[in-house]
Amino acid sequence: MIGRKLSTENENPIDYLHQYYQQLRKQNKFLFIVIDEFGKILEYAANNNPEKELYFLQKLAEFVNVPSRNIILITTLHQNFGSYAVKLTDTQRNEWQKVKGRFEEVVFAEPVEQLLYLTTQQMEAKPLSITTAAKLGFKILYDFAISSKIVSDRFKFSTAEKLYPLDPVSSVVLTIAIQRYGQNERSLFSFLSAQGKGSLNEFEPTPNNTYNVSDVCDYLRYHYFSALSESNSDSTGWRSLTVALERISCIDASFNFIESATKIIKLIGLLNIFFAGIRLTKEFIEIYAQNAMGINQPMTIIDKLTSLKIIRYAQYKSQYILFEGTNLNLEDELYKAAGIVPTPSLSIEEIGGHVRPRVFLANESYYHTGTPRYFEFKVTNEPINIEPTGEIDGYIHLVFPLSDIHNYVKELSEKHNAGANVYAYFKNTDSITKHLHEIKKLQYVIDNVAMDDNVAKAELENQKRYETQKLNSALNEEIASPTSSIIWYFHGEELRIHSLKELNELISRVCTEVYHKTPIIRNELFNKQKLSSAISLARVNLLDAMLLHSDEEDFGFAKQSFPPEKTIYYTLLRDSGIHRQDENGNWILGAPTQPELQSLWQVCIEFLKSSVDRPRKLTDLSEILRTRPYKLKQGVIDIWLPIFLYVNQQDYALYNDSVFVLNLNKEVFELLQKQLKKFSVKAFDVSGVRLEFFKRYRQFLRKDDGVAISTDSLLDTVKPFFHFYRTLNRYAKTTRKFDNPFTVKFRDVLAQAQDPVKTFFDDLPAALGYRDLNSDSFVSQYLQLIRTAVRDLNTCYDFLIDRIEHKVKEYIGLTTDFDEYKPLLTKRYSTVNGNLLTPKSKSFLERILVPSDNRKEFYEKITIVVNDKRLEETKDNEESLLVNRLLHLFSELERASSISTDVALEDGDEAFNFELATASGDFSEAKTFRLPSTKKIKANQMMEKLSESMSGDRDLDICVLLKLLNEKLK
C-alpha cells in the first residue's frame, strides 16, 4: 500500500511513513518495513548520485531507530552492506560506512554441509550412480577431504555419493565459491540446471575423472568473471592463478603435459584461495590428480612445475602455492646465509622487534573487583621496576639473560617499590634462538641478495612472518609448558608456572596484594580507561540529575527505564548507600554505608583533611587514585570526582585558578572534566574562630546568630560576601573615588580572597584596621565599617552618573529631573538635520532621540558613543576626558539645532551659524543666516569683487572681513 501511495503522489517518503505510522500507533500496532533485494537499491545508490541516495537511507534509518517508535525495518542482502561501495571514492566510502553503522547486520551463512545436502535433494531428480570401478578412488578422495579438514566429519560418505560426478573436494570448493560470489541456493541451483559445454549436466565422468576442481575453476571464471575481476579479498589469489596459467601456456612442452599441468595449477590455486589453513602436500595433489583428474604421473608434473618456479612448497604454510617465479634459488641462498649469519644472542636489540606485544587480563581479580587489570609482556635482558600507568596495571618481564643475573632479578623483585612487576627468568632458550636465527638469515637474504627481486622478497617476507609466528609460539609454549625451565619471581618469592591458568592466578594475586585498596565497582560501562561517547553523555546526565533531583528517589529517574546513567547511579550511589533515606524518609547524600566504596571514600576524605593548611590541586587527588594501592581507571575517576565534591561541598573551598568558586553547578562540572589542573581545594578549619566574631558576621547578614560554628554555617555566612563582590560591575571593582578609605581595602580583600576562613577572620579585620578581635572598639565599629563599604560600592556607579549628569545639565541649562528634561532634549534635537553632522555626532543624536526608561540607561547609551566602550569600563583618570568629549558633542548638536530651528531651508539654500567676539569686548551671540538659492549668482559676483580687492596676505584679509562682518552685525 505504501509503495503504491509513494509511486502515485509527489510526497516526501519519510513524511508519508511518519503519517502512516501515526495511524498505526493510534491502533496500537507495529509497523514492519520489509525490503527484499535491498542490494539492488544499494547498487543503484552507488551508481547514481551516492550522496543524495545515501542521505535518504540515513534518514530512513534514523526514522526507524527512534526508541519510542514501534517500527522494525528488515532488509535482505546477498552480500554485506560495505561490499556495494567498492566503486566509490574514499570520501563517499567513508560516508557509506557511517550509514552502514545505522543498520544492524545479521549474517546468515549456511553451513557448507547444509548446501551440499540441498544439492543432493536437487540431484536426486536425475541420479547418476557411481560405478564400482570409480567408487574406490572416490572413497580415497572422501577420506582425504575429511583428514585435511576440507569438509567436517558431519559430511557423510552417503551424501558425497549422491553428489557424484562432483567429488568431495570440488563440491565443497564450488559451494564456498557460490556463497562468496553468488547468491547461495539460487546460484547453486543455477549451476545444477545449467546446460552446455562445461556444465555438470553435459559432463561424462570416468572411473578416475570427476567433475573436479579444475572444472569448477573453469565454471567460476566463465560465469563470475565480473565478480572475480573486482577488487576483493581474493583478488591476489585469482591474479596469481591467471599469471600461472599464462606462464604454463607459454612453455615448450607437449599438449598432454600442459593440459595436466593446467589442471594441477587450478587445483592449487583454488585451494590456496578457499583453504588457506589446510595441509596441501605433494601426496594430497598426487592422490587427487590420479583419482579426480585422470592424471597418471602427477609427481613428474609437480616436480616440473616446481623447477619452472610456477609452484613451490611453502614450508611456513605447509602448502604448495602458486609462485610468480624468480631467478634466485631461495633454499641455496638460505643455506649460504647460514654460514654467514652468526647464531644470535637474545639481546633486546636482536629479539625485541620480533616478540609480538601482548596483554594479559587478570581474570580472577576482574571478577572480584570489577576493575579490569591488564599486564603487559616486556622483553628485557636486565629488568627494572616500572610503575604502570594508564591502561596497563602491571608488567610481566620476560628476562633473557646475557649473563648469570639470577640473584639480581630475585633481589630486584624483593624491593619495596617492586609493585606490580613479575619476572620470568629464562634458563633454556634454544628453541627461541633457533627461530630467531632463521629470521636473521631470511633478513640477510632480503637485504643482500634479493634487493631487486620483488617476487623473491615477497616470498622471503612470507617465510619471515612464518618464522616470527613460530618464535612467538615457542615463547608461548615455554611460558605455559609443564616442563618449562622458566623461574618466576614476585616480591622475592621463587615460583614455578606450568600453565596459562597458573599464570593468570599469579597476576590476580599480584593485583590483590599491590592494589589491595581498589574499591569494588562491578560496572563495565564506566570501569574502563576511556569512556565511550554514550557513557560520557550518561555521565553528564547523571551529574545533572544529582544537581536537580538529589532529594528524590533514584535521582528522579523513571522506574520503568534503565538508561546507562541510572545504572551508574545504582553502582556508585544507591547500592553503596551514598544516596539513601534518613530516619525521616528524606533522600540525602552522605558517606557510603556499604563496604564496596569505603576505601575510595576514605582516601578522598583524607585528601581534603590534608588541605587545611594550604590548597591542594585536584590533580593530586586524581594522581593518588590512578596509582597503587588504588589504580582506578580514568573512567571511574571522571565520574567519581564530581560526585564526591558535590556530596562534601560544605567541607572545603573550591578554587579555579585561585578564584573562589561559589557554587557547584553544571558549568563547573564541565570545567572540572576539561581543565582539572586549574582546580584546587582547601578544607575549612574553624576550630580557632571566636564565636563572638562569627556571630557578628551573622548579625550583619541577618542570619541566626545562635547557630554553632560548622562548615555548613561558615559557608552560609561567607558566601554572600563573595556573591556581593561578583555582582559588582567593572567600575565598582576598579574605582578608588570613595570618601571612606576603608572601602577600597574592603573591596580589594574580597577581590584577592582565596581562603574564606582566612579572608573573613584575618585579612578583612586587618584591612579595616583591627587586629584585636576582643577590643570594645572592634565590637562597636567593625560592622558599621562593613556597612559603609558595602553602601559605597553599591552607589559608586550611580555617583559617577550623577557627576556626568550635573555637567551636562549645567552646560545646556537644564534645571529639572531626568523624567522632565529627557522629553525636552528629544523635542529640542528632533529638528536637527543629521546630514549636517559628523558620523560620531549623528550616532550621538540617534542615542539621545531613542527612548530610555531611566537615567542610567540614557547615560550608558550616549557615553558609549563618546568612549567607544561601556560606561562601567571607565577608569578614574578617564572621567574628565569623557565629560569634555560629551559636552563637545552636545555643543555640536546645539549649533545644528540652531540652524535647523532658525531657518527653513529649501533645495539649494545654504545656512550659516556663528558667534563673533573681539579683544575689545564686543560679542555677538550665535545667529543663523540663510542664503536663498535665488541670490547665489549675485552673492558669487560680490565675492569675486571682494576677492579682487584682497591684499593676498591671508591673515590680513581674514581680519578685514571679520571687522567688516562685526560692523554689519551691530
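Guide: Let's start with a definition: two strands count as paired if DSSP finds at least two bridges between them. In this predicted model, strand β7 (residues 392–399) is joined to β6 by 7 bridges, and the two strands run parallel.

Visitor: Which residue is the bridge partner of valine 379 in β7?

Guide: Leucine 398 is the bridge partner of valine 379.

Visitor: How does β5 pair with strand β6 (residues 374–380), parallel or antiparallel?

Guide: β5 and β6 pair in the antiparallel sense, over 3 bridges. Phenylalanine 360 stands opposite phenylalanine 375 of β6 there.

Visitor: What is the order of the strands in the open sheet of 6 strands?

Guide: The order is β5-β6-β7-β8-β9-β10, and the pairing is mixed. At the edges are β5 (359–361) and β10 (493–495), each of which pairs on one side only. On average, neighbouring strands of this sheet are turned by 25° against each other, direction ignored.

Visitor: How many bridges join β8 to β9?

Guide: There are 3 bridges between strand β8 (residues 421–425) and strand β9 (residues 487–490), and these strands run antiparallel. To find the place in the viewer, look for tyrosine 425, which stands opposite isoleucine 487 of β9.

Visitor: Which peptide bonds are cis?

Guide: Proline 165 belongs to the loop between α8 (157–162) and α9. Another cis bond leads from arginine 628 to proline 629, with omega near 10°. Proline 629 is found in the loop between α27 (618–626) and α28 (634–647).

Visitor: What is the strand order in the open sheet of 4 strands?

Guide: That sheet has the order β13-β16-β14-β15, with antiparallel pairing. Its edge strands are β13 (616–617) and β15 (659–661), and each pairs on one side only. Between β13 and strand β16 (residues 679–683) there are 2 bridges, in the antiparallel sense. In β16, valine 681 is the bridge partner of arginine 616.

Visitor: Which helix lies across β13, β14 and β16?

Guide: Helix α26 (residues 598–609) lies across β13, β14 (652–656) and β16, and runs at about 80° to β16.

Visitor: Now to helix pairs. At what angle do α37 and α38 cross?

Guide: The axes of helix α37 (residues 839–849) and helix α38 (residues 855–867) cross at roughly 175° and come within 9 Å. Angles over 145 degrees count as roughly antiparallel, so α37 is roughly antiparallel to α38. On the α37 side, the contact is made by Lys840, Ser843, Phe844, Arg847 and Ile848. The α38 side brings Phe858, Lys861, Ile862, Ile864, Val865 and Val866. By class, that contact has 7 nonpolar, 1 polar and 3 charged residues.

Visitor: Are α9 and α14 oblique or roughly parallel to each other?

Guide: Helix α9 (residues 168–181) and helix α14 (residues 255–274) pack at an angle of about 55°, with their axes 11 Å apart. That angle makes α9 oblique to α14. Their crossing is left-handed. In this contact α9 uses Val169, Val173, Ile176, Ala177, Arg180 and Tyr181, while α14 uses Leu270, Leu271, Ile273 and Phe274. The classes come to 9 nonpolar, no polar and 1 charged residues.

Visitor: How do the axes of α14 and α16 cross?

Guide: The axes of α14 and helix α16 (residues 298–307) come within 10 Å and cross at roughly 80°. So α14 is roughly perpendicular to α16. Here Phe257, Ser260, Ala261, Ile264 and Ile265 of α14 meet Pro298, Ile301, Ile302, Lys304 and Leu305 of α16. By class, this contact has 8 nonpolar, 1 polar and 1 charged residues.

Visitor: What is the mean pLDDT of the protein chain?

Guide: The mean pLDDT is 84, and 89% of the residues reach 70 or more. Over residues 1–9, the pLDDT is below 50. Beyond near neighbours in sequence, that stretch has 8 contacts in the model.

Definitions and conventions: Residues numbered from 1 in each chain as written. Predicted model: local features only at pLDDT ≥ 70, side-chain atom pairs only at ≥ 80, totals over all residues. Heavy atoms only, no water. Axes fitted to C-alpha atoms, helices over the stretch in contact; angles between N-to-C directions. Parallel < 35°, antiparallel > 145°, perpendicular 65-115°, else oblique. Contact = heavy atoms within 4.5 Å. Nonpolar A, V, L, I, M, F, W, Y, C, P; charged D, E, K, R; others polar. Left-handed = near helix turned anticlockwise from the far one by under 90°. pLDDT = per-residue confidence, 0-100.
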